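Hi there,

Here is the structure I promised to pass on. Have a look at it first, and my notes on what turned up follow below.

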Amino acid sequence: MDFTTRIDIRNDGLTLTHANRLLLLGSCFTDNIGSKLADAGFDPVVNPLGVLYNPMSILNALTDSSNPEFLEWTQKESSPGIAPTVEEDIERADTLIITFGTAWVYRLKSTGMIVANCKKQPENLFSRERLTSEQIISVWADFIGKNIEPKGKKILFTVSPIRHKRDGLHANQLSKSILLLAVDALCRQFPQTCFYFPSYEIMMDELRDYRFYADDMLHPSPMAVDYIWERFRSVYFDAKTIDFIGQFESLHRILRHRPFDAQNEDYINLIKETTEKLNKLKCSIR
């Protein structure tokens, strides 16, 4: 007997391996997936400018990261060393994992710029508006057509399962619907370049019980994140990658273990041997 509605996830041609150079940008859920990828032996770059919630700010991070005005309103402090690093991360990446969080944006009244983060500044400095799917599609299609598709890069889109309650749950649904429509249009327009992972749908349907939510009843619980991660890896990792992850995680568990006596000679030798095995395993995929 089934007690949940299982989401059918098709792999339309995207496979991720440890050879991929991954850049993850977007909402808090990006940090969750990025952490899981790192724990599985990948080397992802995750939100180098901090969490980004709306599609316009995520795009600005990809196209305008050297703009001091944009950097001023991110979670990272503006400094000469940040922008070049982000530009290098973007150029280096062959696969982008993008998580849209909300269609609501804050626009700085003095300049008209959409800010990535209000940084707890007075609300009267900003105007607030909800993007349309057409606005999102227009700018992202232009970016993909010029900067992603010609270079053979890939984008894996997802919509964050974290609910934004400020305007009520109905408004949250409208916001998520706009994001879903925009992503669907982009995937249809660029079927060999853009892909979609339904983390939002998994949370809403497979994990709709409140035991899968954190104490705020809005964010996924650690158990829910683990479940979504399992669905993710089952879709995008091949057998060789999953086997590598198993070996990697096994060695990491040994290294994370904290003994009663860290100066014990047997323990020191075990750590040395395990580290050597881990380095050898990493070299096998380079």
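Let me start with the largest pocket: β4 (104-108) and α6 each supply at least two residues of its lining. Helices (H or I, at least four residues) and strands (E, at least two) are DSSP runs, numbered from the N terminus. A pocket here is an open set of points on a 1 Å grid over the protein atoms alone, where a 1.4 Å probe fits, with protein on both sides within 12 Å along at least five of seven lines; lining residues have an atom within 4 Å of a point.

Before going on, please note that this is a predicted model, in which local features need pLDDT of at least 70 and side-chain atom pairs count only at pLDDT 80 or more, while totals for chains, interfaces and linings use all residues. Residues are numbered from 1 along each chain as its sequence is written, and side-chain values use heavy atoms, with hydrogens and water left out.

Back to the largest pocket, which holds about 530 Å³ of space (the volume filled by probe spheres set on the grid points, joined across faces, edges and corners). Its lining has 26 residues, and Tyr53, Thr102, Tyr106, Arg128 and His164 are the closest to its centre. By class, the lining splits into 11 nonpolar, 10 polar and five charged residues (Ala, Val, Leu, Ile, Met, Phe, Trp, Tyr, Cys and Pro count as nonpolar, Asp, Glu, Lys and Arg as charged, and the others, Gly among them, as polar).

The second largest pocket has about 440 Å³ of space. Among its 18 lining residues, Arg10, Asp12, Asp184, Cys187 and Tyr196 lie nearest the centre. α6 gives the most to this lining, with five residues. Here the classes come to 11 nonpolar, one polar and six charged.

Overall, the chain has 10 helices and eight strands, and buried residues make up 46% of its 286 residues.

Enjoy exploring it!

Terms used
Buried means under 20% relative accessible area, exposed over 50%, partly exposed in between (1.4 Å probe, protein chains only).
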